[in-house]
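Hi everyone, thanks for coming. Let me put the structure up on the screen, and then we can walk through one part of it together.

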Amino acid sequence: MIKPLINLSLFFLIASCSSYNNMRQIKEDKYDGLRFESFNRYDLVRLDKQVKLQNPVALCQRAEYNDANDIFKDRLDKNLNNYDYWNQISTCYILKKEYTQAKKFLDIAMSTAKTKVHKSLILNNIGVVQLETENYQEAKDYFKKAIALNKAALSPRYNLSQVFMKFGLYNKAQEQIKTLLKRNAQDIDFLNSYAHIELMQNRYKQALVFFNKIPKAYRSRDDIATNMAMTYFMLGLYDNAKSTLNNADKEDSFYSAAQVDILKKLDKATGK
Amino acid sequence: MKYTSFYLLLISLSFSVLSKGPEKVMSKEEFEKKRWTKIHQLIEDEISTIMKVRKKSQKLQYRLFELKSEKVKLYKEKENKEFMIKKMKYGKKIKRKDIFKKTLKLYRSANAYGLNLLKKYPRTRYKAAIYYTLALNSRDFSYDSKELTYLRRAIEFSKGQRNVNYLARTSLAEYYYNKKNWKAAIYQYDIVLNNKDDEWYSKNLLNYGWCKLKSQKFEIAITSLEQSYKLSGDEFYVDVRDQAMTGLISFYVLGKQIERGIKFIDKFTIESEKNNSFLKLARKSSAKGHYKETETIVSLLEDRVSAKKETELYADLRLFQFDLYNQYHKPKKLMNIAQMFKTIKFSDYQQEDATTKIAEVVGAKQVILKKDFSKHDQSYDRGILTEIISYFDILAVVNNKEKGLYEYYKAETYYSVHRFRDALKNYKISLVDYEDKLATEDLRLKNIDAIFSCIDYIEFNKVEESKELVFAFNKYLSYWPKDKKAQTIFPRLFGIYLTRKDFSNMQSTLDRYIANFNKDLKKQRDLYRLQLDLLIKTENTTLLSGKINQMQKGYLAFDKQEVKKSETILANILFNSFKKLNTDGKPDEALAGYQKVHFTDYYPKSIKAEAAFNMGMIYTDTQDHNNAIKWYEKSFKFYSKKEINSKRVFLEKMSLRTTLLHDFLYAAKIDQFILKSYCSEKKKNLKVFTSAIRNDLANDYISKVFYTIKSYKKCIKLVPQSLKQEILYHLYENKHESDMISFIDQHKLNIVFPDLVGTYYERLFWKYYESSPSKSSKYSTRLKQIKTKNSLLLLAALKDYKKILKKVNTFSKVRISINKEKPDPNNFSASLQRRLGNLQPIISFADTILKKGHGQVSVMTYDVLTKITNDLSREVASYSIPINDKNFQKQFKGQMNMLTKNISSQSDGFKLKSQSLIEKYELLLTQRDESHLAYDILRISDIRPKASEMAITIGMSK
């Protein structure tokens, strides 16, 4: 009886694999420093455990929005004043990229949040909505407010660091990443972000040190590979740069374009 | 008298002779009048004719006397009619002498004439005839008691005149007979009866027989009458059979020769008369105490008389038998005969007779029964009771139009012996019979009172008792609905129906109560309430609805509050089942139930409204919002204004719920519905207005937001600035640029929120700074107009920035030229110095821009400085003086390198300052190039992370 069930579970897992496309997914808990705050970087296996627990956000993470919605509706009456319930709904809308709806539920969540920790959580997600809609100044402000209310929260720090990194405020970004690395020195994105900051401040060797801390399995990720290749290029290690680019996943069109740019430079530099 | 028949015949013949074919048929009166006139005329004519004769013979004179006598008779006939009429009218007040004036006059005239004739002709041969005529005249017209004298004289003087003698003796015999002088009569009849040629012989025998009977000579009497009877059968003789038979019957019984009588009747009586005669004989026999003989006759008659052919005689027979058995105390036979009465066709008088006979019998039995019951400690002869009841049953059939009365009597009989159940049954039947017009006397009150009495006495169970009371009460009320007792009966009857849950009768009873006692409003309302309570308890919503409709129309003048309360209860009952269906996950069935109620005419408006509203709520829950709104709107058509107001809270909750169920579109629609329905409540509407806006913003439906503001701002006092700000945030943050501009302009938000609007204008300015100069210029114009501190700063800084760009442009175009032919290091050095000197003003000017303190412009200025110094550094590095001097070249290169390095480090310095600036003020700037720390990397490829793609949402709480 158990074997067929396992087989069935595997079947569903495999079936859903094909539709689950998360370029940031991390398979190992130890590499996910934000695993207690977010499912954003869960792979299917890790998500599956949550799905079994009827976690609607996990379902949304798997793009199973209708199922998640059913759970939300069932739980509505018992959770009218539960900030977490509203936050979960808004998280799902964010994952669905329906930001105005997400904002609506975040406003409701905020009205029901009682503690600073709760409010911090919601502020972070409001910041994410602002970020997604390219309102960076507003996003930055929300992330900062979230951190101010709950210094232990990691996600707002991470998000803030990304904003800083985008606009070149590398010291500011580095402050946040250092804090994050203290909490988890193995997190893929923490390491990648730190390495990127070093790279962008022209501290290539230092950047490479942190890139090399990233487990090999993840170095082919497009953003990581692109950054690494650039580092190698700036260090003049053209072969390394090339091989890094060759191993890249090439799933992200933004980074694929960047990889092409680097390759052109490599070719020029190597006379090819 | 003798000639009367002759004249009649004459007249009738003359009429037939004189008739000329078919004539108009005369009435009897007309005929009699005509006949009299005719006879009178004939008499007068004959008298006149005789009078014309001068010397009248004795014969003629006698004839004249006869005619005068006939004339008297004629007038007596006429005046007798008049006498009879007036006698009928005036009774004893009418005297004969007053009426028979003419008769008496004519009699006296005729009498005098006759006597005169006798006097005149003392030996006339008509003497006996004249005396005979005088005797008849005296007998018939005057009553002067001279008849005897005249008859005797007629006989005396009629020797040799057999005919006159015979006639005189016959009359004398009749005279004596009438005077009951039997002996004298017999004497005359003995002589008279010798003449058998007289047609009256049979009559004479009859009278003779009676005389003999009176003389106790039964045998001769019987024989005479028998003979008279037999001779009457002969055409020659006068038919006196009836009288003879009547006499014979008496004679047979008195003479104790009943057997003989039976035989005679059997042998000689004509068939059609036989049975009657037997019956008469039986009656007489019974009357004289001859039971056996009577029974014999009765048995004979029973065999002879056909019930179908001789119905009257048959009935008479049975009636006689009844009397017979009653007289001789034969109860069984009596009962048997009485039972036969049921099937006998009685004539009216026979029926009356039968009724009387039975009534007498039964009455007597009732007395016995009652006496027994009283006397013997309530015991009685059940046989008598049975008989009484049977007799009444018979009476009920015989005298059907009084059936009701007999049923009453039966009931009374039962009651008298305390058989109350039977009594009750019959009282009820009596009542019904009375209603069917089967009783003359009004038995209603008697019966009703008796019924109530019986109910009291009988130990009924509840069901039986109520059934009987219902009957009695209803009857009472149908008869005397306005009676004082009825006033107490109505509620009692209602109470019984209430126990039975008989709503139809409850209502009809109440209606009758109201119709007859319209002042008992309080009591009637109480009864109505009892009915309502029961309907509520049994959840009979159909009837309850009808009752409430009644109340709404003013039935019993219930106050509005009470009506409303009832409506609420009805709604609760109706809707409880539907609510349960919905709770059990069957919303479709619940909807069907509500819909049916809504479309059912007899439910009150408030119920229909509530049903529609509840449908709306179900549709809201099932997220069929089109239908939800539709049904809310429908409900409002039926609600009162007060009720509509009370629904506001629900609707607002529904709107909220719809929002919470993620359906912002329909939440907004509900909000708009609320605004539309309650537009006048401006203060309350603000919250809903805001909710409507926010719901549309949640869907990012900007046109709907504007529509709501336009259409419903009249339903609030003022659109709050905070809401406008909220809309403004949304418009900017969700990139609705043109809508935002329209909104700002429409609501003059540049005045309300100048700093915020200025910030947005600036961001948009920078967004289009390089990509769309025209748009950027548009925002620049707006910034100029808005005149905030920041906008003015920006414009001022930009103005200087443009200047520095010009300066840099000028500076960049210049380059030191070196004469290749005649390189002059000093000249080069001076040019270089000049060139370096020209940079300083630019840097100084840059400082003024930096000092202005606009972040983006400052960084752009740093970009300019970085670029200009970088370019200068490269420029310096590229210079060479073609002097073939190794030392010179070594020194030159060294100095140029140092200069380049200095300039580069200055450039780096500008980068660092730029970086420091943005880090310090956390400037998120879009315009940053050369001063970017990673400018070299960015020139290869922009590998800056897409922050949004890296963003982490916190979906888990701790």
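**A helix and its neighbours**

Let's begin with what covers the buried residues of helix 12 of chain B: the cover includes helix 10 (201–214), helix 11 (218–232), helix 13 (258–268) and helix 14 (271–287) of chain B. Please keep in mind that this is a predicted model.

Now for helix 12 itself. It runs over residues 241–254 of chain B, which is 14 residues. From first C-alpha to last it reaches 19 Å, close to the 20 Å expected at 1.5 Å a residue.

So why do we call this helix largely enclosed by the rest of the structure? Because ten of its 14 residues are buried. Among them are Met245(B), Leu248(B), Ile249(B) and Phe251(B), and also Arg241(B) and Ser250(B).

Let's stay with Leu248(B) for a moment. Leaving out residues up to four places away in sequence, Leu248(B) touches Ile222(B), Leu225(B), Glu226(B), Tyr229(B), Gly261(B) and Phe264(B). Leu248(B) also belongs to the largest nonpolar core, which has 321 residues. Together with Tyr132(B) and Ala154(B), Leu248(B) is one of the residues with the most contacts inside that core.

Just past the end of helix 12 of chain B, look for Lys256(B), which takes a positive phi of about 55 degrees.

Finally, a word on chain A. Its secondary structure comes to 16 helices and zero strands, and 49% of its 272 residues count as buried. Where chains A and B meet, the contact takes 58 residues from chain A and 36 from chain B. The chain A side divides into 23 nonpolar, 22 polar and 13 charged residues.

Note on methods
Residues are numbered from 1 along each chain as its sequence is written. Chains are lettered from A and ligands numbered from 1 in the order in which they are written. This is a predicted model: local features need pLDDT of at least 70, side-chain atom pairs count only at pLDDT 80 or more; totals for chains, interfaces and linings use all residues. Two residues are in contact if their C-beta atoms, placed from the backbone, lie within 7 Å. Ala, Val, Leu, Ile, Met, Phe, Trp, Tyr, Cys and Pro count as nonpolar, Asp, Glu, Lys and Arg as charged, and the others, Gly among them, as polar. A nonpolar core is a set of buried Ala, Val, Leu, Ile, Met, Phe, Trp, Tyr and Cys residues joined through C-beta atoms within 7 Å. A residue is buried if 20 or more other C-beta atoms lie within 10 Å of its own, exposed if 12 or fewer, and partly exposed in between; C-beta atoms are placed from the backbone. Helices (H or I, at least four residues) and strands (E, at least two) are DSSP runs, numbered from the N terminus. The expected span of a helix is 1.5 Å times one less than its number of residues.
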